[in-house]
Amino acid sequence: MGMSVTISAAGAQDAEQILKLQYLCYQSEAELYGDYSIEPLTQSLEELRAELSAGYALVAKLGDEVVASVRGSVDASGTGRIGRLIVHPRMQGHGLGGRLLNAIEAHFAAELAAKRFQLLTGHRSESNLRLYRRHGYAAVATEAVSTRLSMITLEKDAAPQEFAASA
């Protein structure tokens, strides 16, 4: 490819492209679980805009095209809740998901003092589980959502921050 992928904070202007990419990326999840009514496929643009304004999101762009995204927030206990890590199917397998995961973790740890990170994925989503395990996440809970779907909660501690200033 002649262009490189850039990662930056998502803005309101990215919402429509993120929603379209989300719809594309979650088709395989819906097929895997036999459920096309999952929230990522039914979320409205207004709901996404509200979610983006309440939390933090990153986009990866190839030129002007959003090809990947991730979003989340840090709660009062210091847990960075990461969700909706999506990568365009043509861009998968090149480390982009891992780069986004690292970038949002770094932001949450440095800017919002996250102490740990947590994310969810479906029990049949093997590629997601492999990615998260490679990045140090471990399963801490499983919850049956329906007869077809169990959600696995994965967590990891934030790496201790190194400070140049001495105490």
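Modeller: Let us start with Lys 20, which is exposed at 56% relative accessibility; buried means under 20% relative accessible area, exposed over 50%, and partly exposed in between (1.4 Å probe, protein chains only). This is a predicted model, in which local features need pLDDT of at least 70 and side-chain atom pairs count only at pLDDT 80 or more, while totals for chains, interfaces and linings use all residues. Residues are numbered from 1 along each chain as its sequence is written, and side-chain values use heavy atoms, with hydrogens and water left out.

Colleague: What is a salt bridge, and how many salt bridges does the count come to?

Modeller: Side chains of opposite charge can pair when their charged atoms come close. The rule asks for a side-chain nitrogen of Lys or Arg within 4 Å of a carboxyl oxygen of Asp or Glu. By that rule there are seven salt bridges. One of them joins Glu 16 to Lys 20, at 3.5 Å from N to O.

Colleague: Where do Glu 16 and Lys 20 lie?

Modeller: Both belong to helix H1 (residues 15-25), four residues apart, which means a separation of about one helical turn. Helices (H or I, at least four residues) and strands (E, at least two) are DSSP runs, numbered from the N terminus. Glu 16 is partly exposed, at 42%.

Colleague: Which salt bridge links distant parts of the chain?

Modeller: Glu 105 and Lys 156 form a salt bridge at 3.1 Å, N to O. Glu 105 lies in helix H5 (residues 96-112) and Lys 156 in strand E7 (residues 150-157), 51 residues apart.

Colleague: Are Glu 105 and Lys 156 buried or exposed?

Modeller: Both Glu 105 and Lys 156 are buried.
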